[in-house]
Amino acid sequence: MIAKISGGENTAGLIRYLFGPGTANEHTDPHLVASWDGFAPDPGRTDHPTATRKHLVADLDLHVIQARRLGRAPERHVWHCSIRAAETDRHLSDDEWADIARRVVAATGIAPEGDPDGCRWVAVRHAPDHIHIAATRVRADLRTARHWNDYLTADRELAAIEKEHGLHQVVRGDRTAAKRPTRAESEKARRNGHTRTARERLRTAVRTAVAAATSTDEFLHLLQHTDGIRAETVHFPSGDVRGYKVAAEDTVTSTGEPVWFSGSQLAPDLSLPKIRHLLEDTGPDPAQPLRDPWHEVITATERIPHHLAQDDDPAAQAHITAFGEVLDILPLLAPSPLRHQLSEAATAYERATRSRIHAENHHARALRNAVRNVLRTPDPNADTTFAMLLDVACLVIIAVARWHQLRHHDQQAAAAHNALTHIQAAFDMAVAAPLATLGAWRPPQQSVDRIIRQLRQAVPAHAEQITEDQDFPALATVLAQVDAAGHDPEALLSQAVDQRPLDGARHPARVLLWRIQRITTMTAERAAHTTRTENAEERPTTRANRTVMAAVPKRAGTRHR
């Protein structure tokens, strides 16, 4: 169940709407299901609805009028709460809705249980799946009701009601989510032909700029040069930078003025002070030697599940947030067929980057620096690199979802699962062409038989499933090549399985293939970096080939375990 609470100053207008036909004749059989004393006049159950509606308004406003004479009435004296059940829930009876209304007004402080001086209220039902509670905020003792934090108290009560009545249990947050678009924003976006509101599009653009920037000045510069966006810096009277505001060029007011949003209106972590703090904490580390940034991104991302398994929650939160920046930049670098799914993944994962746990961002400095460097470093093997990175990303998002679940971060866990769906779709598209090439290059049957024996030895529980997988021919090719290149196939298989069990994998052969691909490539990259470090005067080692297909088989004398 979801509650939506608002205020107003016109009791008669609200009652007229609740008992009227609605904006699109959607109201059916409007009637009271409960009231403050159980005897309020019901305009839906009378032959004189207009007169009865006026009587109901007069009864609701009685204490407001009395307090107004004493100069004690609040200006916005109307309290309005709508409560909606999920589409999958059964239709509740009037008595059940009446009980829910009484519990909500009691929990929020509008009419505490057992308090004879509580506010006057009515619960109106004009549809099968929801009710409206209309109340006036002046108590019988003419004091204004204390209903501070009423949304959270109502939400907690509804969570208990869902369990008791066997209803759909809504995923609830911790007040760290970005503000959702208003109905007006959504309708304006639809009229302008956009699937996302200006607020959502601006949030994505700002997050991408944060991921790319190395300083606050560069961040503001990137915003001001982003297509389709207006960006301005806001200053204090002293001239110091106070913040920034952004607007979409295709979204204006009725007078043609831009619709501005500050950073904090886009998301809690996008205010300028928080961005400045983030960029200062994760600036370049002069002690770290320069390496291949693509190798660094994959390596640092690969370590995230290990960091999440430790007891340091602030450090884990930092790595979760930094991985969000990896997803933010991927649409800029990905081959065009992958961009839509990667953009959807970044948008979904955004909710998983924040929680009540304060992130100590310096722990994720290596990953952030690598992210910024890949934007400035073209990759000659983009297709294979993306396949390896997306393979790692799937493992990371699964670990992130689990981490949030253990801490009861329901919204963040749900966001991670949603992002995983899009990452898996992008991964499937990224590996389609390489798999087809590998599958066409089938090793001799003798080699295939040996590989099957190695599979049964290394992963006995999944050997049959792997050999029946449609991608097994490609896996057989890769194992034959790494064997010829001097690696131990059984050891590589065991290492690949140890990264994450294959239980539930849709294509286990594909999973093993890309894990082995990544292990061999990362090993070669580390060896190349060690060589460059030990002998800086020598010509840098040629970058390790990222595709196993192109690996040059070594002779028997060069084999190593």
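**Close-up views of a predicted model**

**Figure 1. The whole chain.** Of the 561 residues in the protein chain, 49% count as buried (under 20% relative accessible area, with a 1.4 Å probe and protein chains only). This is a predicted model, where local features need pLDDT of at least 70, side-chain atom pairs count only at pLDDT 80 or more, and totals for chains, interfaces and linings use all residues. Residues are numbered from 1 along each chain as its sequence is written, and side-chain values use heavy atoms, with hydrogens and water left out. You'll find 22 helices and eight strands in the chain (DSSP runs numbered from the N terminus: H or I of at least four residues for helices, E of at least two for strands).

**Figure 2. Helix H14 beside helix H17.** The axes of H14 (residues 339-349) and H17 (residues 410-440) come within 8 Å and cross at roughly 165 degrees (axes are lines fitted to C-alpha atoms over the stretch in contact, with angles from 0 to 180 degrees between N-to-C directions). So H14 is roughly antiparallel to H17 (an angle over 145 degrees). Residues in contact (heavy atoms within 4.5 Å) include Leu342 and Tyr349 from H14, and His422 and Met429 from H17.

**Figure 3. Helix H7 against helix H13.** Here the axes of H7 (residues 198-212) and H13 (residues 313-333) come within 9 Å and cross at roughly 105 degrees. That makes H7 roughly perpendicular to H13 (65 to 115 degrees). H7 brings Arg207, Thr208, Val210 and Ala211 to the contact, while H13 brings Gly324, Glu325, Asp328, Ile329 and Leu332.

Definitions and conventions: Angles under 35 degrees count as roughly parallel, over 145 as roughly antiparallel, 65 to 115 as roughly perpendicular and the rest as oblique. Buried means under 20% relative accessible area, exposed over 50%, partly exposed in between (1.4 Å probe, protein chains only).
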